[in-house]
Amino acid sequence: MSDKVEPIPSPIVCSESWHDTTVVVSCAGPVDMVTAPDLQHVISAALKKQPTAMIVDLTDTELLASYGMSVLVETHERLVPDVPLVVVADGPITRRPLELVGLADVLTIRPNLGAAFDELRATGD
């Protein structure tokens with residue numbers, strides 16, 4: 001019998017992709033108190049590369065809990081006004097929780113990635 005303990009794989013997959021100087025951080029899976037630090041880590045790593053704008057794409061997010069929302073607020077506070085942040089969230093799993101807690105009034109939220117890029121073009125990035 002082996003005493004080696006295998007780590008449990010994270011149920012969230014976060015990644016970054018670059019479109020010129022805009023970074024898109026995408027998450028698939030639940031964003032909760034267990035997984036939100038993974039999102040936070042990917043965002044922090046992307047910010048070290050000095051993007052001119054950031055999009056957090058929650059299209060494939062299966063749950064957006066309060067800790068995940070706090071990561072979005074913290075990111076917003078770190079970026080404004082130098083680097084715009086647009087959150088892609090639509091429907092009852094992602095957009096609705098943001099609206100219920102009043103974050104739709106604080107964050108720029110768009111329903112899809114195309115609309116997020118349109119927002120950045122309209123604001124001058």
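A: First, the ground rules. This is a predicted model, where local features need pLDDT of at least 70, side-chain atom pairs count only at pLDDT 80 or more, and totals for chains, interfaces and linings use all residues. Residues are numbered from 1 along each chain as its sequence is written, and side-chain values use heavy atoms, with hydrogens and water left out.

Q: How many bridges join strand S1 to S2?
A: 7 bridges join S1 (residues 13-19) to S2, and the two run antiparallel. Strands (E, at least two residues) and helices (H or I, at least four) are DSSP runs, numbered from the N terminus. Two strands pair if DSSP finds at least two bridges between them.

Q: Which residue in S2 is the bridge partner of Val 13?
A: Ala 28.

Q: And S2 with S3, parallel or antiparallel?
A: Parallel, over 9 bridges, with S3 covering residues 53-64. Ser 26 stands opposite Asp 57 in S3. From S2 the chain crosses through helix H1 (residues 36-47) to S3, a right-handed β-α-β crossover. Right-handed means the path from the first strand over the helix to the second runs clockwise, with the strands pointing away from the viewer.

Q: Why is S2 largely enclosed?
A: Because 8 of its 10 residues (22-31) are buried. Buried means under 20% relative accessible area, exposed over 50%, partly exposed in between (1.4 Å probe, protein chains only).

Q: New topic. Is Cys 27 buried or exposed?
A: Cys 27 is buried, at 2%. Cys 14 counts as buried too, at 18%.

Q: How many disulfides are in the whole structure?
A: The search finds 0. A disulfide here is a pair of cysteine sulfur atoms within 2.5 Å.
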